[in-house]
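Please read them with the structure open beside you.

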Amino acid sequence: MTIAEGIWHQIFNFDNYGELLALVRNSLVAGAALGLVGGLVGVFVIMRDLPFAVHGISELSFAGASGALLLDVNIVAGSIVGSLIAAGAIGLLGSRARDRNSVIGAVMPFGLGLGVLFLALYKGRAANKFGILTGQIVAVDTPQMSWLLGTSAVVLVALAVMWRPLAFASADPEVAEARGVPVHALSFAFMIVLGLAVALSVQIVGALLVLTLVVTPAAAAARVTASPVLLPVLSVAFAVTAIEGGILLALGSSVPISPYVTTISFAIYLVCRAVGSRRARRWGAVRAGA
């Protein structure tokens, strides 16, 4: 076997695929839930220009998960605690964009350093350390599944309750505030919801690549539609496709799940960007001809 063939076999290996598929049943269910949550939350992340906040929250989520690993307690719970601390700090201290970015810039390296400290102190399996950073596909056991689905339900209920006023406040905060919409309260509430969504995503794609579930699908959808109905639908469809496709492709390989998920997500974004650019050129030509 040549070096190229060996690398290909590591990346794509479908030997005994049917037997391996049973090992990721929980992960496929969790992936569908995360795709739904990430796709919906991502719509507001794009509208409110919060991708940097997602990255900042993920670093504290990483620290929380690493601390839970060190203390041998539930990793999902630790991840959620870290995310909520970061989201609360950003929501309280960063009401304006400039202040928010400064807070994130301070929180992010602190969270990363804390997480590295916890992992350095952890003496267990190296795969557990690596999984927090890059994601895992067979580590979603029944207790974790309960945490994941329960937290996903909380996020979805919260989004359903505040969807319309949050969309109004995100699109035109000044007018929304003038009409009595509690803009600041909604902003803080959304940061908490975002924190929960990030904590969930860390469990599958790892702390380093959360953006691929919470940002990229919505950014891709925004390239092809501005419809308030179609945008979240496409965002969810893209997120679910990326996570489920990534799980299925990574199943037979020795490579972590994250490269597969990020590649599928980025490919969707490139296609949507090309379609959006083509539509824009066509529309420009029609207007020029008129």
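**Notes on the predicted model**

1. Phe-44 is buried, and Phe-190 is buried as well.

2. As for the overall make-up, the secondary structure of the chain consists of 14 helices and zero strands, so that, read from the N terminus, the elements run α-α-α-α-α-α-α-α-α-α-α-α-α-α. Of the 290 residues in the chain, 46% are buried.

3. The structure holds three aromatic pairs. In one of them, the ring centres of Phe-44 and Trp-163 lie 4.6 Å apart with the planes at 75°, and because an angle over 60 degrees counts as edge-to-face, the pair is placed in that class. Since Phe-44 belongs to helix 3 (residues 25-47) and Trp-163 to helix 8 (residues 142-171), this pair ties together parts that are 119 residues apart in sequence.

4. Are the two partners buried or exposed? Phe-44 has a relative accessibility of 0% and therefore counts as buried, whereas Trp-163, with a relative accessible area of 23%, is partly exposed.

5. Phe-44 also pairs with Phe-190: their ring centres are 5.8 Å apart and their planes stand at 65°, so this pair is edge-to-face. Here too the pair links distant parts of the chain, with Phe-44 in helix 3 and Phe-190 in helix 10 (residues 183-205), 146 residues apart. Taken together, Phe-44, Trp-163 and Phe-190 form one aromatic cluster.

6. Turning to helix 5 (residues 75-93), its 19 residues reach 27 Å from the first C-alpha to the last, which is close to the 27 Å expected at 1.5 Å a residue. At the start of this helix, a side-chain oxygen of Asn-74 comes to within 2.9 Å of the backbone nitrogen of Ala-77.

7. Which residues of helix 5 are buried? They are Val-76, Ala-77, Gly-78, Ser-79, Ile-80, Gly-82, Ser-83, Ala-86, Ala-87, Gly-88 and Ile-90.

8. Together with Leu-93 and Phe-188, Leu-92 makes a nonpolar surface patch of about 320 Å².

Notes: Residues are numbered from 1 along each chain as its sequence is written. This is a predicted model: local features need pLDDT of at least 70, side-chain atom pairs count only at pLDDT 80 or more; totals for chains, interfaces and linings use all residues. Side-chain values use heavy atoms; hydrogens and water are left out. Helices (H or I, at least four residues) and strands (E, at least two) are DSSP runs, numbered from the N terminus. The expected span of a helix is 1.5 Å times one less than its number of residues. Buried means under 20% relative accessible area, exposed over 50%, partly exposed in between (1.4 Å probe, protein chains only). A polar contact is a pair of N or O atoms within 3.5 Å; within protein, one must be able to donate a hydrogen and the other to accept it, and residues adjacent in sequence count only if both atoms are side-chain atoms. Rings of Phe, Tyr and Trp (its six-membered ring) pair if their centres lie within 6.5 Å; planes under 30 degrees apart count as stacked, over 60 as edge-to-face and the rest as tilted. Patches are made of residues with over 30% relative accessible area and no salt bridge: like charges are joined within 9 Å, nonpolar side chains (Val, Leu, Ile, Met, Phe, Trp, Tyr) within 5 Å. Accessible areas come from the Shrake-Rupley method with a 1.4 Å probe; for residues, only the protein chains shown count as cover. A salt bridge is a side-chain nitrogen of Lys or Arg within 4 Å of a carboxyl oxygen of Asp or Glu.
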